[in-house]
Amino acid sequence: MQTDHDVCPVEPGTPAGPSRRRFLQAFAVGSAGALASAGRRAQASPAAPALAGSRGRQDPPEGADAEAAYWERVRREFLVSDELAYMNSGTLGPMPKSVYYAVVDAYRALSADPGRENTRHNQAQGGLREKLAAFVGADADEIALTRNTTEGMSFVANGLDLEAGDEVLLSHHEHPGGLEPWKLKAKRQGIVVRELPFPIPTPEPAEILNRFEAAITPRTKVISVSHVTFPTGCMLPVRELAALARPRGILTAVDGAHAIGMLALDMHDLGVDFYASSPYKWMGAPVGTGMLYLRRESQERVWPTVVMAGWDDPERGAARYDRLSQRAGPLLVAFDAALDFQTGIGRERIEARVRALATALRARLAEIPQATVHTSTHPVLGCGITGFALEGFDRRAVVDTLWRRHHVWVRHTDHDLNTVRVSTHLYNTEEQVDRLIDGVRDILANGALPLETARG
Ligand SMILES: Cc1ncc(COP(=O)(O)O)c(C=O)c1O
């Protein structure tokens, strides 16, 4: 039987094993990961540029064939089998090999030499914070290393001093991870949570902006929305919402669970106060890694929730919000490797690829009269998540049949729209989009299988 180490062997105890080195060379990525190899990098990767950006990035190939060949090479950097069309990065993305081996090797090294490896991991957190900050257009003292979006949104909601009757405006399509922290605060402290509906599919950003503007009252203290909504993949105009909010003294908190690794983010350009994300989805980092951005000027408004020594030291900036005591260093090592992976390809290039695949998928679905596409066709509102319903079919049966008959893994969302949700990411292919469409046509022609596996 083939094991994953057979697929891509790795030398025990080597921070940048063959797989990772091969990727770094192939894509001309600079840094081999400060966390993984703080003490050994000089041997492994001399002259490594440490931060995200175009330095060390491979120039895009010219022409359609070269483009296809390029993405095929990228796809080969993942362990997902050729038979499986995995189209659900929105729930959990696969790690590239370089990231997978980074975490495996880091745990091995930690087990072999716990004291020194643990120290190395702790000391290297600052480097990761800097690298991540550069990746998302922020400063290092505005980045907290959390464990997921739910934790980040909870830190913000729990940490703000609000009074009974103060209002938080949300959209009607918030994920529980971004909604429940406010509901808890409503139950505990009497704040008012208002969920604003907007049309689906949304024709243009003004449909959303106007509704938020009209809903603002003197009691509105926070606008808290998803950057990319989970049921239909609608990209809310968070930059414009922040511009609406700031002059009125309203804070903006964004649930950006899907955005990191999918979109080329720039926190300072977005102008929001708080932004939580889950790099294990589209970024290829392991589960257990998260990011919370807190705008420097807004940090004094938020009390830390999980604390140990240092929580009251403003010099620490956003690091005051991740004072977790002992934590899983190998996950941070792998997060560092995930940043290298994506930087090696280029954030804009990834976003363009993701959007191209999703646009192609939506165009193909639009050709099927029984398919209702819930995702906006507006270029600003659509991104890498597509939601659709199939007339006459329950979403669960569609999802299950696509898997059992066609080996296409998508999910359904239990909201109000009977939605089948598809995530198209950089390791997906045009052939997989075709396979999904063939599967949909097959269901329409031959019916869905009796539901066997109820899953999201
Ligand atoms: C929009 C949105 N927000 C928050 C979450 C929760 O993410 P996590 O489990 O990483 O906290 C999800 C999960 O899929 C999501 O889609």
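This is a predicted model: local features need pLDDT of at least 70, side-chain atom pairs count only at pLDDT 80 or more; totals for chains, interfaces and linings use all residues.

Student: Okay, so how many residues of β3 are buried?

Tutor: 5 of the 5, so β3 is largely enclosed by the rest of the structure.

Student: Which strands does β3 pair with, then?

Tutor: β4 is one of them: the two pair in the parallel sense over 5 bridges, and Glu167 stands opposite Val192 in β4. β3 also runs parallel to β5, joined by 3 bridges. There, Val168 has Val222 of β5 as its bridge partner.

Student: What do β3, α10 and β4 make together?

Tutor: They make a right-handed β-α-β unit. The helix in it, α10, covers residues 176-189, so to speak 14 residues in all. From first C-alpha to last, α10 reaches 19 Å, close to the 20 Å expected.

Student: Which residues of α10 are buried?

Tutor: Gly177, Gly178, Leu179, Pro181, Trp182 and Lys185. Their cover includes α9, β3, β4, β5 and β6.

Student: Switching topic: which residues touch the most other members in the largest nonpolar core?

Tutor: Val136 and Tyr275, out of 70 residues in that core. Helix α15 (residues 329-345) gives the largest share, 10 residues. Another core, of 23 residues, lies apart from it and has Ala85, Ile368, Ala371 and Val422 among its members.

Student: And what does Tyr275 touch?

Tutor: Leaving out residues up to four places away in sequence, its contacts include His227, Val254, Met267 and Tyr293.

Student: There's an open sheet too. What's the strand order?

Tutor: β9-β10-β13-β12, 4 strands with antiparallel pairing. β9 and β12 stand at the edges with a single partner strand each, so one side of each has no neighbour in the sheet. On average, neighbouring strands are turned by 40 degrees against each other, direction ignored.

Student: How many bridges are there between β10 and β13?

Tutor: 4 bridges, in the antiparallel sense. Phe388 stands opposite Val420 in β13.

Student: Which strands does α16 lie across?

Tutor: Helix α16 (residues 347-366) lies across β9, β10 and β13, at about 15 degrees to β10. Helix α17 packs on the sheet as well, touching β10, β12 and β13, and its direction makes about 170 degrees with that of β12.

Technical notes. Residues are numbered from 1 along each chain as its sequence is written. Side-chain values use heavy atoms; hydrogens and water are left out. A nonpolar core is a set of buried Ala, Val, Leu, Ile, Met, Phe, Trp, Tyr and Cys residues joined through side-chain atoms within 4.5 Å. Buried means under 20% relative accessible area, exposed over 50%, partly exposed in between (1.4 Å probe, protein chains only). Contact means heavy atoms within 4.5 Å. The expected span of a helix is 1.5 Å times one less than its number of residues. Two strands pair if DSSP finds at least two bridges between them. Axes are lines fitted to C-alpha atoms, for helices over the stretch in contact, and angles run from 0 to 180 degrees between N-to-C directions. A crossover is right-handed if, with the strands pointing away from the viewer, the path from the first strand over the helix to the second runs clockwise.
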